[in-house]
Amino acid sequence: MTSTLEPATTRAIVGASADLPLSGVARRRWISVVKHTGLIALSIVMVYPLIWLVVSSFKPNAEIFSDLSILPTDVTLDNYTNGWTSQQLPFSVFLANSSILVLGAIVGNLISCSLAAYAFARLRFWGRNAFFAIMLGTIMLPFHVVLVPQFVIFRELGWLETFLPLIVPKFLAADAFFIFLMVQFIRGLPKEIFEAARIDGAGQFRIYSQITLPLMVPALATTAIFTFIWTWGDFFGPLIYLRTRENFPVSVALKGFVDAQSSSDYGAMFAMSVVSLIPLFLAFLIGQRYLIKGFATTGIK
């Protein structure tokens, strides 16, 4: 009697114990499905304006605001052709101006910020901590506070209507955020590497150029990507220092499609906005892995 009951009891216990993990797995699956569904819904809400911008660039002006759907009824390429040539100059001129500003800003930040970061991280000099604290304090300083003094200085130097006010400060380590980013990255590098280089007789500049820079590629790539994005989309700076249309970057040139006193060509503006967004997407896609690695390794000891 006992021998016949024991297998049945055993099977019941095993079956009950097997049901518990299955219920837990099913619960986790449902939670995952609900979570991913919510994330997809939120992503659609966030991406919808961008999708609408791209779709509207192919719509006639009369249908852009009358139909807010993302399914155009009348597709046209006139917005791209009109937007490229409707501002007295081809839009390639504005793209070239933005490229010059971006290239100068990236080179300036990479050189000056890396030098300043290496000095703060590896050199010992009087007042280093005080200067570093002052540098960090400039991050909280609003741009509008120094706007008027900077404008007066650049006007006295005769730099108005040139790209110099927008490029030269980048060579003076003016972006404290990037300096702080690189300082944290350099401090996370093994000190034994620098000590071995000093024992071998390497000077500070050789350690900086041949050892530090190759190791901090993720931080440099992060700086280059953010500098590209911020400079390409900067509207306030070029609007202050540049007045002639020949010097306008893309951000200021797009404003020319909207006129408060006459008709505005929103279709052309949307089309050229799509064109101006392509370099940003390419820069992010190319440097995405360096961007993530740069933030992931910054500050790790």
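A salt bridge is here taken to be a side-chain nitrogen of Lys or Arg lying within 4 Å of a carboxyl oxygen of Asp or Glu. The structure is a predicted model, in which local features need pLDDT of at least 70 and side-chain atom pairs count only at pLDDT 80 or more, whereas totals for chains, interfaces and linings use all residues. Residues are numbered from 1 along each chain as its sequence is written, and side-chain values use heavy atoms, with hydrogens and water left out.

Two salt bridges are present in the structure. In one of them, Lys170 is joined to Asp175, with the closest N and O atoms 3.3 Å apart, and both Lys170 and Asp175 are buried, a term that stands for under 20% relative accessible area, while exposed stands for over 50% and partly exposed for values in between (1.4 Å probe, protein chains only). The side chains of Arg155 and Glu156 also meet in a salt bridge, at 3.6 Å from N to O; Glu156 counts as exposed because its relative accessibility is 59%, and Arg155 counts as partly exposed at 45%.

Aromatic pairs were assigned where rings of Phe, Tyr and Trp (its six-membered ring) have centres within 6.5 Å, with planes under 30 degrees apart counted as stacked, over 60 as edge-to-face and the rest as tilted. The structure holds 21 such pairs. The ring centres of Phe143 and Phe236 are 5.9 Å apart and their planes stand at 80°, so this pair is edge-to-face. The pair links distant parts of the chain, 93 residues apart, since Phe143 is in the loop between helix 5 (128–137) and helix 6 (147–156) and Phe236 is in helix 12 (residues 236–241); helices (H or I, at least four residues) are DSSP runs numbered from the N terminus. Phe143 is partly exposed at 36% relative accessibility, and Phe236 is partly exposed at 34%. A tilted pair is formed by Phe226 and Trp230, at 5.4 Å centre to centre and 55° between the planes; these residues are four apart in helix 11 (residues 217–232), and therefore separated by about one helical turn. Ring pairs also link Trp52, Phe65, Tyr266 and Phe270 into a cluster.

A nonpolar surface patch of about 900 Å² includes Met46, Tyr48, Val54, Leu68 and Phe281, where patch residues have over 30% relative accessible area and no salt bridge, and nonpolar side chains (Val, Leu, Ile, Met, Phe, Trp, Tyr) are joined within 5 Å, like charges within 9 Å. Helix 1 (residues 2–56) gives the most to this patch, with six residues.

How values were computed. Areas by Shrake-Rupley, 256 points an atom, 1.4 Å probe, with all protein chains shown as cover. Helix = DSSP H or I, 4+ residues; strand = E, 2+ residues; numbered from the N terminus.
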